[in-house]
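This briefing covers selected local features of one protein chain, grouped by topic. Please read it alongside the sequence and the structure displayed below.

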Amino acid sequence: MTLFTNARRKLTVFASAMTLGLSAALVATPAAAQDAVTWKVQSHWPGSSSSYTDSLGRLKRVLEERTDGRLKLQLFEAGALFKATDTFNAVSRGILEMGTISPSYAQDKISLAGIASGLPFAFRNVWEAAYFHQNMGFEAMLREEAAQYGVYWATDKVYPTEMVVKKPIKSWEDFTSLKIRSSGALQTFLTEAGAAASYIPGSELYSALDSGIVDGAHWGAAQGALSMGLYEVAKYHVQPALNIAGTDVIIVSQKALDKLPEDMQKIVKDALAEQFWVRTNEYQYKEQLALAKAQAEFGVEVNTLPQDVQQKLAQTAQKLWDEEGKRGEKAEKALEMLKGFLTDLGYL
């Protein structure tokens, strides 16, 4: 009996120790590890684009840090899962949890997309576009319209779009002879102005420029052109900007967002709101650095458009503004708001 009792006591002690050890292990296991969620993120940027690292890379780091690893982003560069123009639909349907697009890729659904892509020759300074988005309510209008498709819309940044060309533009005839890679409202604008504008995916842009399929292109401004290697084959950086706008957008599946705990939903929305200001300011700083580097290392020259060319482009642009206003009541309201703002600034 004594031996049996001792053995039973040992088993009881062992079982208690195992239970305590298991309990301690469960306590020591972070909740984050148990509840981790991974979102697939399809970008419209190639991996070589500066924004792929600076925007998406930053957002991935911020969200993973602030959720203690409970939310992870799995990044895919342009074309890895879907065509760039199909990303909005994939996010809308919940096939993708997150993506990045140009507003122009959703212009068949979002009536404000053309204005969001940037009406040509409207804003003259980056702060004006930022003010229009965040202080005057344009961002809220975009978000409301995208919500109808189950998409949470967050502009990544506002910045200038500036062309690079292989030969300098010294006259109106030089401009109208160009074949230019473009997209969205700017593609329409450049075509209406007399150039031959066509859409080419970012992954094919360098080869198209190098081979002469196009004579010029825009991919952001100096920073985008430098990161894509465009200055290797196009030595002229054209100013002033074709437009200043929220040309890059982060879109989130509302279904995916709703599945997150409330604290994580807030973290995501706060991070996206912060992203706009961080990236807008950072982008302007890096623009200056990129252009200086392009001039020093690649012999790039700034090609300021002659005044007569600028005037003709501005005249064409303002005609197209009114066309964007015809896309619906929301677009008409946004255009009236924009024109009033530009009038207050003394531009109209």
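In this predicted model, helix α9 has Gly184, Ala185, Leu186, Phe189, Leu190 and Ala193 as its buried residues.

- Strand β1, residues 37-42, pairs with strand β2, residues 71-76, in the parallel sense, and the pairing extends over 6 bridges.
- Within this pairing, Lys40 has Gln74 of β2 as its bridge partner.
- A right-handed β-α-β unit is formed by β1, helix α3 (residues 50-66) and β2.
- Strand β1 also pairs with β3 in the parallel sense, over 2 bridges, and here the bridge partner of Gln42 is Gly99 in β3.
- Strands β3 and β10 run antiparallel and are joined by 4 bridges.
- Gly99 stands opposite Ile251 of β10, and Gly99 is likewise the bridge partner of Gln42.
- In a regular strand, side chains alternate between the two faces of the sheet.
- In strand β3 (residues 98-101), Met98 and Thr100 point one way, while Gly99 and Ile101 point the other way; all are buried.

- Ser51 belongs to helix α3 and counts as buried because its relative accessible area is 4%, under the 20% cut-off.
- The C-alpha atoms of Ser51 and Val158 are separated by 12 Å, although these residues are 107 positions apart along the chain.
- Gln275 is situated in helix α13, which spans residues 262-298.
- Gln275 has a relative accessible area of 0% and is therefore classed as buried.
- A polar atom of the Gln275 side chain lies 3.1 Å from the backbone oxygen of Ser55.

**Cavities**

- Rolling a probe the size of a water molecule over the atoms shows where empty space is left.
- Across the whole structure, the search finds 2 cavities of 30 Å³ or more.
- The largest cavity has a volume of about 260 Å³.
- Its lining comprises 23 residues, and those nearest the centre are Tyr159, Trp219, Gly220, Thr247 and Asp248.
- Strand β10 provides the largest share of the lining of the largest cavity, namely 3 residues.
- Classified by type, the lining of the largest cavity contains 7 nonpolar, 14 polar and 2 charged residues.
- The second largest cavity has a volume of about 70 Å³.
- Of the 13 residues that line the second largest cavity, Ile115, Gly118, Phe123, Ile244 and Ala245 are the closest to its centre.
- Helices α5 (113-118) and α6 (126-134), together with β10, each supply at least two residues of the lining of the second largest cavity.
- The lining of the second largest cavity has 10 nonpolar and 3 polar residues, with no charged residues.

**Largest pocket**

- The volume of the largest pocket is about 320 Å³.
- Its lining consists of 18 residues, with Phe121, Ala122, Phe123, Arg124 and Ala314 nearest the centre.
- Strand β10 (243-253) and helix α14 (307-325) are the elements that give two or more residues to the lining of the largest pocket.
- Helix α14 accounts for the largest share of the lining of the largest pocket, with 6 residues.
- By class, 12 nonpolar, 5 polar and 1 charged residues make up the lining of the largest pocket.
- Phe123 is listed among the residues nearest the centre of the largest pocket and among those closest to the centre of the second largest cavity.

- Most residues other than glycine have a negative phi, and most peptide bonds are trans.
- Asp68 has a positive phi, near 55°, and is located in the loop between α3 and β2.
- Asp68 counts as exposed because its relative accessibility is 60%, over the 50% cut-off.
- Phe121, in the loop between α5 and α6, has a positive phi near 50°.
- Phe121 is also one of the residues that lie nearest the centre of the largest pocket.
- The peptide bond from Gln239 to Pro240 is cis, with omega near 5°.
- Pro240 is placed in the loop between β9 (236-239) and β10.

Technical notes. Residues numbered from 1 in each chain as written. Predicted model: local features only at pLDDT ≥ 70, side-chain atom pairs only at ≥ 80, totals over all residues. Heavy atoms only, no water. 1 Å grid on protein atoms, 1.4 Å probe; cavity = no way out; pocket = protein on both sides within 12 Å on 5 of 7 lines; lining within 4 Å. Points joined across faces, edges and corners; volume = space filled by probe spheres on them. Nonpolar A, V, L, I, M, F, W, Y, C, P; charged D, E, K, R; others polar. Pairing = 2+ DSSP bridges. Right-handed = clockwise from strand over helix to strand, strands pointing away. Buried < 20%, exposed > 50% of the residue type's maximum accessible area, 1.4 Å probe, protein only. Polar contact = N/O pair within 3.5 Å; in protein donor to acceptor, adjacent residues only side chain to side chain.
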